[in-house]
Amino acid sequence: SSLEVNFDQKMDELNEFLDAREIPPALREKIKSYYSMRFPTMRMFDEASVLVDLEQSLRQETILQLYQDVVSTVPLFHFCKVETQQLICFRLRPAFHVPGNVITCEGSIPEALYIVRFGLVEVFAAS
């Protein structure tokens with residue numbers, strides 16, 4: 001399909017970049033791991049641009065379909081009204097992190113509230 005061709009082209013472009021910029025092997029693996037995790041089906045699309053093209057009510061319905069199951073599983077949100085949970089859905093943005101990536105550090109103010117939908121997160125505390 002054209003989506004898979006787009007993925008193959010992106011991977012070719014990525015490999016050219018890694019070679020040309022002489023990226024070290026360990027970092028290459030992290031970058032390739034990111035792409036494998038971000039695009040496990042080898043289909044690439046820009047979710048934000050797909051959603052922005054939709055008419056507002058259709059966009060809202062789609063966003064609820066995409067995220068309502070996630071919000072409903074977070075204990076913090078169990079006490080919220082359905083309308084509030086829906087508003088939370090509209091504020092969610094996907095983020096992808098490779099294994100070993102530090103998302104935030106103890107004592108720092110995080111830039112967002114993270115909800116893990118896929119994968120695992122390790123939490124380390126200073127001793």
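**Terms and values**

Guide: Helix H3 (47–52) and H4 each give at least two residues to the lining of the second largest pocket. The model is predicted, with local features needing pLDDT of at least 70 and side-chain atom pairs pLDDT 80 or more, while totals for chains, interfaces and linings use all residues. Residues are numbered from 1 along each chain as its sequence is written, and side-chain values use heavy atoms, with hydrogens and water left out.

Visitor: Why is Arg93 called exposed?

Guide: Arg93 has a relative accessible area of 62%, so it is exposed (buried is under 20%, exposed over 50%, partly exposed in between, with a 1.4 Å probe and protein chains only). Arg93 is found in the segment after helix H5 (82–91); helices are DSSP runs of H or I with at least four residues, numbered from the N terminus.

Visitor: What makes the approach of Arg93 to the backbone oxygen of Phe90 a polar contact?

Guide: A polar atom of the Arg93 side chain lies 3.0 Å from that oxygen. A polar contact is a pair of N or O atoms within 3.5 Å; within protein, one must be able to donate a hydrogen and the other to accept it, and residues adjacent in sequence count only if both atoms are side-chain atoms. The distance of 3.0 Å therefore falls within the limit.

Visitor: Which residues line the second largest pocket?

Guide: Phe90 and Arg93 are among them, as are Arg38, Asp46 and Tyr67. A lining residue has an atom within 4 Å of a pocket point; on a 1 Å grid over the protein atoms alone, a pocket is an open set of points with protein on both sides within 12 Å along at least five of seven lines. H3 provides the largest share of this lining, three residues. The space in this pocket is about 180 Å³.

Visitor: How do you know that the Tyr34 and Tyr35 pair is edge-to-face?

Guide: The search of the whole structure finds one aromatic pair. Tyr34 and Tyr35 form it, 5.7 Å centre to centre and with 90° between the planes. Rings of Phe, Tyr and Trp (its six-membered ring) pair if their centres lie within 6.5 Å; planes under 30 degrees apart count as stacked, over 60 as edge-to-face and the rest as tilted.

Key:
On a 1 Å grid over the protein atoms alone, a cavity is a set of points where a 1.4 Å probe fits but cannot get out, and a pocket is an open set with protein on both sides within 12 Å along at least five of seven lines; lining residues have an atom within 4 Å of a point. Grid points are joined across faces, edges and corners, and a volume is the space filled by probe spheres set on the points.
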